[in-house]
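Colleague: I would like a close look at one part of this model, the metal site and what surrounds it. Please take it slowly.

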Amino acid sequence: MKNCTLCGKEFDEAADRSLYAEAGEWLAGEVWQDAGELCPLCLENRAKLVMMYGHEINS
Ligand SMILES: [Zn+2]
């Protein structure tokens, strides 16, 4: 188990992820360099935010 660096919640890195969480995981590695540090929920929220507001990142 790990603790999420964003919300502090404990999470299981090996747990199944949703599509959003996978997208968030990719972003964590490519954009924020904190892959593996966030819980699936924070990854999902981040992916959703990026899809809504993050067009400048897709360059
Ligand atoms: Zn979290």
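Colleague: What spacing do the donors of the zinc ion follow along the chain?

Modeller: The spacing is C-x2-C-x31-C-x2-C. First, the ground rules. This is a predicted model, in which local features need pLDDT of at least 70 and side-chain atom pairs count only at pLDDT 80 or more, while totals for chains, interfaces and linings use all residues. Residues are numbered from 1 along each chain as its sequence is written, and side-chain values use heavy atoms, with hydrogens and water left out.

Now the site. Cys-4, Cys-7, Cys-39 and Cys-42 coordinate the zinc ion, each through SG, at 2.2 to 2.3 Å. Donors here are N, O and S atoms within 2.8 Å of the metal (3.2 Å for Na, K and Ca); water is not among the atoms, so sites may look incomplete. The 4 donor atoms subtend angles of 106 to 117 degrees, so the arrangement is tetrahedral (four donors, all angles between 85 and 135 degrees).

Cys-39 has a relative accessible area of 1%. Cys-42 has 10%.

Next, the setting. The protein chain has 2 helices and 2 strands, in the order β-β-α-α. Both kinds are DSSP runs numbered from the N terminus: helices are H or I with at least four residues, strands E with at least two. Of the 59 residues in the chain, 31% are buried.

Then the helix pair. Helix α1 covers residues 19-32 and helix α2 residues 40-53; their axes come within 7 Å and cross at roughly 80 degrees. Axes are lines fitted to C-alpha atoms, for helices over the stretch in contact, with angles from 0 to 180 degrees between N-to-C directions. The helices α1 and α2 are therefore roughly perpendicular (65 to 115 degrees).

Where they meet, α1 supplies residues including Tyr-20, Leu-27, Ala-28 and Trp-32, and α2 residues including Pro-40, Leu-43, Arg-46 and Met-51. By class, this contact has 11 nonpolar, 1 polar and 4 charged residues. Nonpolar means Ala, Val, Leu, Ile, Met, Phe, Trp, Tyr, Cys and Pro; charged means Asp, Glu, Lys and Arg; the others, Gly among them, are polar.

Finally, Arg-46. This arginine lies in α2 and is buried, at 13% relative accessible area. Leaving aside neighbours within four places in sequence, Arg-46 is in contact (heavy atoms within 4.5 Å) with Ala-28, Trp-32, Asp-34 and Leu-38.

Notes. Tetrahedral: all angles 85-135°; square planar, octahedral: opposite > 155°, others 65-115°. Buried < 20%, exposed > 50% of the residue type's maximum accessible area, 1.4 Å probe, protein only. Parallel < 35°, antiparallel > 145°, perpendicular 65-115°, else oblique.
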